[in-house]
Amino acid sequence: MFTTFSLISHQTKWKSVNLLRTIISSKQINIDIEMKKLNDRKEFVKALDLFDKHKHQTILTDRILVRAFKACTRLSYLERGQIIHKNLSDSLLNNSYIQTSLINFYIECGRMNDAQRVFDSSIKKTSAHYGSMMKGLIRNNMSEKAIELFKKITNPNEIHLCLLFNSCAQVQTKQALDFGKKVWSQMSSIHHKNEFILTSAFDMFIKCGDLSNAENVFTKIKRVVIDYGQMMKGYNEHSMPLKTIDLYEKMKSEGIEANSITFLLLIDACAQLGIESRCRSIVKQIPSTMLNDFKLESALIHMWGKTGCINEAKEVFEQINQPNHVTYTAMINAYGLNGMGHAAIELYHRMPSEMIVDKTFTCILNACSHSGLVDEARTIFSTIQMKDKWIYTSMIDCLSRSFLFDEAKRLIQEYERHQSPSLPMYTSLLSGARNRNDASLARQTVHRIRELFHNGDESLVPASILFTNTLASTGELEEASQIRWNMTQSGAKKQIGLAWTEFNGEIHFRAQDRFHPRTSELYDELDRLEKELIEHGHKFDASWITRPLMPDETVESVLNSHSERLALAYNFIQRPVPSRIQIVKNLRICGDCHGAIKLISQFRRCEIIVRDANRIHRFSDGKCSCNDHF
C-alpha cells in the first residue's frame, strides 16, 4: 500500500515534505504515471522537469518521489538527489520504499557510506533493504561484508540467495565457499529448483574451484552456450582438458552451437593435452568466419607450438595480415618451445619495436635459454630498459642451464638491490645445480631460500624436490630421504609423474604402472628395449634415481619403468608400429630417459616427440632438437 505525501513550500524554496494520509487526486496519479512513462523511455531529464514543475503545487506520493530518485540515479545527479533527500520530513524518512530508493541512489553514485547510513537508520528493515545493500556491497567489491550482512537475514528469499552466491563467487576464499556450500545444503527443495539460484550457485562453485558441485548443478540448469563455456573454463583451469573436449561433444549432441569463446576454450584444452590428432579434429570444426579473430589466431599459434607442430603454427602466423604484439609473441614462444632459438631471434628482430612488451622479452630469453644461445640472450637482455622479475628469471635460467652460476648469482644480487627476492630465480639456479649434480651449490641455494621465504609455503615444494633429487644424484640418499620424510609429515605433496600418448584414444601411464590391460606385453617390450639399449652402448645413469632401491629392483628396471618409457613401449606393441610417436609428460624428462630415447629413435628408426614440463623434444636419428639443453 503506497502512502501520500504533501510537499510544503515557503516562497521559492521547498523546505520539507510532510506525510499526509489522503486520497490521491487524478492529477497526482497523472504525474506518477507520466513520470513512470518518461523513466521507462529513459527520458530522465524530462521526468525530473515534471517533478520540479509540480513539487510545490500538489500532494506528492511516495511513488512520485521514488520516480524522482530513479531519474537522479540513472543520470548520476548526486547533488539533485541529495537536495530531495535533505528536504524529506522525519516521517517520510521512515518510509521503506523511499529508504530503498535512497540506498540504490547512493550506491549508483558511488556513495557507499551514505547508502550505509540510510540502511542503518532504518528501524524495520525489509527484504528489499537487505537486497539493495548486498547488491551495492558486491558492486563495490565489498563482498565479504555482503556475506556478513546475509547472515543477519532471518528468512532469505531468492534474491538474497543469488546475491550471497554472487558474493562467494567474487571472494573466492575457502571460507566463502564453505559458507556458500552450507547455505546451499540447507536450502528448501523449492529453492533447489529455482533457475536463478541454480545459475548463481553454479557460478560460485566454478569460480571457487569446486568442480564436483559445479558438475552436479550443471546437470540441473537449463544449459546454454555460456554455461558450457563456464564449465569448460573450470576444467581448463584445473588441468582437465579431456573433460573440456568431452563436454564439447555433449554440447553438440544437445544441439547447442559453439561460439568463438567455446573454440578458444577448446584450443586451450588441446594445447594442454598436446596430442596432435585431437588438435586437428577440433580445428576442422572451427567455422572459417571465425578464423580471422586475432584471439583465435594467437591461441592456435600457441596450441600448435605446444603440440610440436611448428609448421602449422608458422602457417597461421604468416596468414595474418597485420600481426599484433600477441601473435608475434605467441610465435616467438612457439619457436622457443621447439628449440628453434635462431628462428625466434630472427622474428624478434623483425617485430616492430613499439609492439614489444615484457612478455615478448621473457619469451625470447626463454627461447635463447632452451637453445643454449647465451651470448644472444646477453645482448637482448642488455637492451631492455625496464626489466621485471620474469625477464630477470628468464636470463638467470639461461645462464644456469649453461652452468654459468656466478653470473646468474650476480644477476640475482643486482635484482635484489632494488626489489624483493623472487623464488623463481632461485629455483632456476637450483635446477641448473641439479643438471650438474652440484650438491654444494644446491645446498647454498636452498639455505638462501629458507632465509628469504616462509618455510610452510607450498611454492617451496618444487625447490625442496629439486634439492632432494640433487642430493640423491650425488649419493647422499640418507639426507634426501630425511628431507622427503619431513616434507611428507608437513603435508607437502610431490607431483606424480604422468605421461600420455594416443593410439585410438589417449592412454595415461605413471611410473611403474602395472594397471594397463596389456601390462605383460608392455614390460616384455621394455625388456627388449633395455637389451637393445645396452647393445647400442647406453649406460643406465643411476644418478637419476632419487630414492633407495627396493630388494627386487635394479637400476635398469627402475629407469626403464618411467612413465614416458611405458608410453613409448605402448606405441611399439601396436600393429603397425607408428613411424611418428607423440608423448606428453607432466614433469621434466630425466637425463637417462633423454639419452635412451635418442638412441631408440635411431635403432627403431622412428620420430619421437616428447613434450615435458618445459619444452618440446623432437628425437630423430639419435639426436634431439634441444641439443641437450633441457
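Reply: Lys233 and Glu237 are 4 residues apart in helix α14 (residues 225-237), and are therefore separated by about one helical turn; helices (H or I, at least four residues) and strands (E, at least two) are DSSP runs, numbered from the N terminus. This is a predicted model, in which local features need pLDDT of at least 70 and side-chain atom pairs count only at pLDDT 80 or more, while totals for chains, interfaces and linings use all residues. Residues are numbered from 1 along each chain as its sequence is written, and side-chain values use heavy atoms, with hydrogens and water left out.

Me: What do the side chains of Lys233 and Glu237 form?

Reply: They meet in a salt bridge, at 2.6 Å from N to O, the term meaning a side-chain nitrogen of Lys or Arg within 4 Å of a carboxyl oxygen of Asp or Glu. Lys233 is partly exposed at 44% relative accessibility, and Glu237 is partly exposed at 49%; buried means under 20% relative accessible area, exposed over 50%, and partly exposed in between (1.4 Å probe, protein chains only).

Me: Which parts does the salt bridge of Glu215 and Lys243 tie together?

Reply: The side chains of Glu215 and Lys243 meet at 3.1 Å, N to O. Glu215 lies in helix α13 (residues 211-218) and Lys243 in helix α15 (residues 241-253), so this pair ties together parts that are 28 residues apart in sequence.

Me: Where does Lys42 lie, and what is its phi?

Reply: Lys42 lies in the loop between α1 (26-40) and α2 (44-54), and has a positive phi of about 60 degrees although it is not a glycine. Gln172, in the loop between α10 (158-171) and α11, likewise has a positive phi of about 60 degrees without being a glycine. Lys42 is exposed at 66% relative accessibility, while Gln172 is partly exposed at 45%.

Me: Which peptide bond is cis?

Reply: A cis peptide bond joins Arg575 and Pro576, with omega about 0 degrees, and Pro576 sits in the loop between α32 (563-572) and β6 (580-585).
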